[in-house]
Amino acid sequence: MKIVSNIHEYQKPNPTMKSIILILSLITSTLSAQLSTFSDRDLYEMGKVWGLIKYYHPAVSQGKTDWDAVLLTSFRQDSKAGTDRLIKNWLNTADEQKFDKIPKQESECDSITLRNFNASWIEKLRKVSPENKNRLLHLVNTPENVGSFYSNTAKSGIYFSSANEKVYGTFSKDVKMLDLFRIWNVVEYFYPYKYLLDHNWDDILKKYIPLFKKINNEKDYESAVMQLAAELQDTHVGIEKTYQYNVVGKLSSPFIFQMVNNAVLITGSKDDAKMKKAGLETGDLITKINGKSILKSIKEKSKYFAFSNTSVELREAYSYLFSGDEETFVVEGVHKNGENFRTTVERMNRIFNNEWDKDGIPDLHLVYKGKTYNYLTYNEKESRLNPSFPIDDKVYFEFASLKGAEIPALMEQYKNTKGMVFDLRGYNDNGSLLKVFDYLLSKPVVYGIKTQPNFTQPGRFCFVDNIVNKEYKFAGKENPDPYKGQVVVLINEHTVSAEEMWAMVFKKVPNVIFVGSQTAGADGNKTSIKLTDGNKIIFSGLGIYYPDGGETQRIGIKPDVVVRPTIQSTRNKEDLLLLKALELIDQKK
């Protein structure tokens with residue numbers, strides 16, 4: 001620490017400064033060399049054991065010893081000492097620390113699920129003695145006085161929290177390997193949907209150890225972390241302070257677009273001069289980028305982005321499809337007049353927050369029975385879209401702008417309509433909206449359950465018979481006169497998280513019809529892993545399920561009637577989903 005503080009005291013390079021830099025360089029090189037002497041198998045076993053002790057040993061889990069420092073010291077030792085000797089030293093170090101007696105608390109769990117937990121790997125450790133294996137097995141089989149210093153800082157009892165993790169101000173390869181172990185073990189013990197992954201999580205640790213060994217600079221690190229985070233296959237996953245500008249490119253296209261039929265439809269301009277120079281206009285369709293199909297271009301970069309299903313993979317293409325550091329790219333396609341084109345496009349600096357709001361509802365209108373309706377009307381006074389719009393004998397609800405307090409008046413106003421359309425393509429996580437179901441259901445129903453981490457037995461998850469809390473366990477109330485018209489719900493790949501929960505509740509409405517396409521498949525409150533550079537990986541921290549235990553994660557909500565925008569409807573900004581909903585209502589007698 002003294003060397004680092006001295007560096008900041010100097011304003012200009014001088015002989016002393018050069019000496020310090022040389023010393024630091026030599027230290028870093030030495031540490032990297034020592035880390036590389038460990039075999040991939042050594043590091044794999046070390047990573048798993050280090051995490052188990054971190055979350056299960058009373059002294060370590062209570063934060064009585066600096067567990068990062070223990071690992072970093074091991075990296076800097078001669079690997080010839082052997083993995084078993086290192087692990088024995090870890091256990092002895094932990095055992096030497098005093099810890100608090102934690103009284104057992106009454107659990108509110110309805111049941112415990114072990115589908116994310118499997119300690120059989122301990123017996124399969126190749127380089128660990130039977131004595132040390134038994135000590136590790138004792139920790140997981142008889143957990144006592146397990147603390148939450150590294151796992152539940154907020155003391156909420158529900159959400160994983162890593163606020164106590166240390167941040168390191170300088171780059172070194174051993175700290176980045178520590179990051180791999182930190183991230184991997186959080187997922188191992190606290191990611192509720194680990195069992196739904198397409199791959200075995202152990203295999204991910206084996207896959208990324210050699211990748212993290214090769215890290216030589218910050219860009220290597222950012223690339224590795226983005227790829228590792230993407231392995232969670234969770235649409236909620238993101239990097240709080242995005243790395244993507246450094247990894248996939250700081251420049252992007254001079255136009256905004258939407259994915260339609262596996263092609264790119266230009267829907268607007270960000271730089272008119274660059275668009276004109278390339279001969280491109282709104283409505284043009286791009287089918288190739290630098291000679292590659294759109295789907296192939298997506299696959300090349302999608303490894304850096306997490307998605308629960310293919311519908312979101314296409315949705316997230318907006319984040320990276322035209323990104324790069326090269327000044328230009330070549331596109332091929334069809335102009336809206338039907339002529340083919342091939343042209344060079346100049347990229348522009350990316351300002352993501354000022355681009356198309358990919359999480360919102362596109363600017364659409366409705367063409368119905370020969371009339372055009374601008375149903376998404378903005379209320380300047382309240383700074384929101386108006387929550388309802390009557391269309392003949394039907395009514396459209398823009399669910400994202402709906403408020404709980406206005407539901408009784410709205411439902412009274414429209415109780416005699418032939419049908420109600422609820423649009424879940426926006427986002428609204430206000431629990432008071434459950435009041436809607438007081439008017440749609442004839443009696444209270446349980447609409448979902450959740451799993452939350454068991455912090456006294458990491459890796460085990462607790463089933464609870466509600467999603468939000470006990471107050472919001474039920475939807476609906478005793479109602480002898482529920483709404484008798486047809487209820488239709490609009491969904492697509494932008495229906496995510498809380499909106500998917502609302503969709504689960506709408507599933508309880510008799511004869512409800514879902515129109516659109518598969519939802520994002522990511523439900524459960526967001527939580528985060530603090531990285532060694534202070535950044536955070538976001539992921540789903542709670543498991544959300546139907547009352548029978550069925551998943552929405554990765555599956556999402558599937559429509560009864562599949563409707564997707566077409567090239568023509570997108571060019572014309574026509575809402576085909578709402579049109580189909582109204583037609584379905586009209587068909588009801």
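How do the residues of the lining of the largest cavity divide into nonpolar, polar and charged? The division is four nonpolar, three polar and two charged. The structure is a predicted model.

**Cavities**

- The count of cavities of 30 Å³ or more comes to two.
- The largest cavity holds about 50 Å³ of space.
- Its lining is formed by Asn-116, Phe-117, Asn-118, Ala-119, Trp-121, Glu-188, Tyr-189, Lys-194 and Gly-459.
- The second largest cavity holds about 40 Å³ of space. Eleven residues line this second cavity, and those closest to its centre are Ser-252, Ser-253, Phe-257, Tyr-318 and Arg-350.
- By class, the lining of the second largest cavity has four nonpolar, four polar and three charged residues.

**Helix 5 with helix 8**

- Helix 5 spans residues 67-75 and helix 8 spans residues 173-190; the two pack at an angle of about 130°, and their axes are 10 Å apart.
- Helix 5 and helix 8 are therefore oblique to each other.
- The crossing of helix 5 and helix 8 is right-handed. On the side of helix 5 the contact is made by Asp-68, Leu-71, Leu-72 and Phe-75, and on the side of helix 8 by Asp-174, Val-175, Met-177, Leu-178, Phe-181 and Arg-182.
- In the contact of helix 5 with helix 8, seven residues are nonpolar, none is polar and three are charged.

**Helix 3 with helix 9**

- Helix 3 (residues 40-56) packs with helix 9 (residues 201-213) at an angle of about 120°, with 10 Å between their axes. That angle makes helix 3 oblique to helix 9.
- Helix 3 and helix 9 pass each other in a right-handed crossing.
- From helix 3, the residues Asp-40, Arg-41, Leu-43, Tyr-44 and Lys-48 meet Asp-202, Leu-205, Lys-206, Ile-209, Pro-210 and Lys-213 of helix 9.
- The contact of helix 3 with helix 9 comprises five nonpolar, no polar and six charged residues.

**Helix 9 with helix 10**

- Helix 9 also packs with helix 10, which covers residues 218-230; the angle is about 170° and the axes lie 11 Å apart.
- Angles over 145 degrees count as roughly antiparallel, and helix 9 and helix 10 are therefore roughly antiparallel to each other.
- Helix 9 contributes Trp-201, Ile-204, Tyr-208, Leu-211 and Phe-212, which meet Ala-224, Val-225, Gln-227 and Leu-228 of helix 10.

- Gln-518 is placed in the loop between strand 23 (513-516) and strand 24 (526-530).
- Thr-495 is 23 residues from Gln-518 along the chain, and the C-alpha atoms of these two residues are separated by 8.5 Å.
- With neighbours within four places in sequence left aside, Gln-518 is in contact with Asn-309, Ser-311, Asn-492, Glu-493, Arg-554, Ile-555, Ile-557, Lys-558 and Pro-559.

Definitions and conventions:
Residues are numbered from 1 along each chain as its sequence is written. This is a predicted model: local features need pLDDT of at least 70, side-chain atom pairs count only at pLDDT 80 or more; totals for chains, interfaces and linings use all residues. Side-chain values use heavy atoms; hydrogens and water are left out. On a 1 Å grid over the protein atoms alone, a cavity is a set of points where a 1.4 Å probe fits but cannot get out, and a pocket is an open set with protein on both sides within 12 Å along at least five of seven lines; lining residues have an atom within 4 Å of a point. Grid points are joined across faces, edges and corners, and a volume is the space filled by probe spheres set on the points. Ala, Val, Leu, Ile, Met, Phe, Trp, Tyr, Cys and Pro count as nonpolar, Asp, Glu, Lys and Arg as charged, and the others, Gly among them, as polar. Axes are lines fitted to C-alpha atoms, for helices over the stretch in contact, and angles run from 0 to 180 degrees between N-to-C directions. Helices (H or I, at least four residues) and strands (E, at least two) are DSSP runs, numbered from the N terminus. Angles under 35 degrees count as roughly parallel, over 145 as roughly antiparallel, 65 to 115 as roughly perpendicular and the rest as oblique. A crossing is left-handed if the near helix is turned anticlockwise from the far one by less than a right angle, and right-handed if clockwise. Contact means heavy atoms within 4.5 Å.
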